[in-house]
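Reader: Could you take a close look at the aromatic side chains in this one for me? I'd like a connected walk through them, with some context on the chain around them.

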Amino acid sequence: IPVDNFDLVIFGGTGDLARRKILPGLFRRFLAGQMPAESRVIAAARSDFDDAGYRAEIEAAIQEFGGPESKDKKGLEAFLGQLHYVAVDATGDGGWDQLKSLMRDGVVKAFYFSVGPSLFGALAERLHKHKIADRSSRLVVEKPFGRDLETAKELNATLAEHFAEDQIYRIDHYLGKETVQNLMAVRFANVLFEPLWNSHYIDHIQITVAETVGVGGRGGYYDKSGAMRDMVQNHLMQLLCLIAMEAPNQFEADAVRDEKLKVIRALQPVDYHHIVRGQYDATESSPSYREDVENPRTHTESFVAMKCHIANWRWAGVPFYLRTGKRLKARGSEINVVFKDLGHSIFEGDEARHRNVLTIRLQPNEGIDLQVTIKEPGPGGMRLIDVPLDMTFAQALGDEAEDVTDAYERLIMDVIRGNQTLFMRGDEVEAAWSWTDPIIEGWTARGDVPKHYDTGSAGPEDSLMLMHRDGRRWREIK
Ligand code: NAD
């Protein structure tokens, strides 16, 4: 279904994110017939391009990052025809009149701030001053939303000077993933799970976001942030909220976000014995974290694992284990809901602790599977085995799974539709910092030093111990 006609202005339209994600994503939506032919994408950045020069840049970017669809030459040409470019100085006056003259009335106006947060204030102010944005315009902003509570509040206040909260779309692309939305469908559209979704039946929950890459070219930025700020405060906490929240009364932006906020507010402060930080070591062929960020003394973490608790009735006593890190042995993001075992087996000789585990896989192979215990086939008697009821979308849905849209394209279309459900509200972001700030401050105050871990491992030994001490273990990163 096509969305309404729109003018989407991308500040930072020549940047890395625009080239790799935003424009290839828009191109796929265009091919899918969702982007109306009269809609326009107006890139605004510092470089001196004309429309033709910018289109050539984006043609190359789409060929590089656009996947198999980029072979559709005719489609690509038509899409490029909808792109325009204006050289704009975010902190000066150059280019703004030209941008204003390009904008049309009677269409959805969205402004994507794909630039560093230091420019947000200047951009918001100029959009207002030049009367380019109005009360119905939408603003899309990228993480990082501050680096602590104070800076997040400043950032929210800066945006609030010219835009209302219902105009602001804070992107966390994890929320745009197909499986994350499916998590809500599984929880709230089946009779099967919700009655068991509490401390009576769930032993613990694990959330893992594992990467094999190092910090790449982002070393300078990353070293000032670390895994806690870069991953836990946003992506992992958002996943935690969706797993743990109460059912909203309807699937609507503020109803969902109110419930997520309650989860964040109910998170208990974390005992520092329950957190493990790590930094990856060098191998013969790859540099160490410290070499990657060119900071031989840095104590920033490239890995963090922690155990936390949500203080409410539903989750009393149920630990949530979170971990994320770089240069680990496999790339994979998944949530595992590990149910309690039965306590007594009626099957003689069966000493294994069989547990149902619901796995929600975000990447790779987005899908959901449920580990169930069945009889081992064959004449060997009543032997039990655990098998997955696998629902990898690509297998289960066949061709339709091909249409599983990338997170960015889905979220951009949601902006045009005016649907904020999958975007973070300002108070959520601030509440998340209120929880992570004391953890980070504690590390600094104690002079905490991250543990080293081997590149290609599952992280520091202590992270395994965090689980072993509780008689549990991490599900393997495959
Ligand atoms: P980038 O450095 O590649 O691009 C920055 C863009 O901003 C360029 O188009 C540049 O022309 C423009 N710009 C800079 N100063 C300007 C000025 N004074 N006036 C007008 N335009 C100006 O950055 P990026 O990697 O594309 O990231 C953009 C934003 O998205 C950042 O806030 C970043 O933290 C965030 N982000 C990026 C990624 C990613 O994968 N690249 C992921 C998540 C979030």
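Author: Start with the cluster: ring pairs link Phe11, Trp96, Phe111, Phe113 and Phe120. Keep in mind that this is a predicted model. Across the structure there are 16 aromatic pairs. One of them is Phe49 with Tyr85, an edge-to-face pair with 5.3 Å centre to centre and 90° between the planes. Phe49 sits in the loop between strand S2 (40-45) and helix H2 (51-65), while Tyr85 belongs to strand S3 (residues 83-87), so this pair ties together parts that are 36 residues apart in sequence. As for cover, Phe49 is partly exposed at 24% relative accessibility, because buried would mean under 20%. Tyr85, on the other hand, is buried, with a relative accessible area of 4%.

Then there's Tyr280 with Tyr289, also edge-to-face, at 5.7 Å centre to centre and with 90° between the planes. Here Tyr280 is buried at 1% relative accessible area, and Tyr289 is buried at 0%.

Now for the chain around these rings. Buried residues make up 54% of its 478 residues. Of the contacts with a separation of 6 or more, 76% are between residues 24 or more positions apart. The secondary structure comes to 14 helices and 15 strands. With a radius of gyration of 24 Å, close to the 23 Å from the globule rule for 478 residues, the chain is as compact as a globular protein of that length. Its C-alpha trace spans about 80 × 50 × 50 Å along the principal axes.

Notes:
Residues are numbered from 1 along each chain as its sequence is written. This is a predicted model: local features need pLDDT of at least 70, side-chain atom pairs count only at pLDDT 80 or more; totals for chains, interfaces and linings use all residues. Side-chain values use heavy atoms; hydrogens and water are left out. Helices (H or I, at least four residues) and strands (E, at least two) are DSSP runs, numbered from the N terminus. The radius of gyration is taken over C-alpha atoms; the globule rule is 2.2 Å times the number of residues to the power 0.38. Buried means under 20% relative accessible area, exposed over 50%, partly exposed in between (1.4 Å probe, protein chains only). Contact means heavy atoms within 4.5 Å. Rings of Phe, Tyr and Trp (its six-membered ring) pair if their centres lie within 6.5 Å; planes under 30 degrees apart count as stacked, over 60 as edge-to-face and the rest as tilted.
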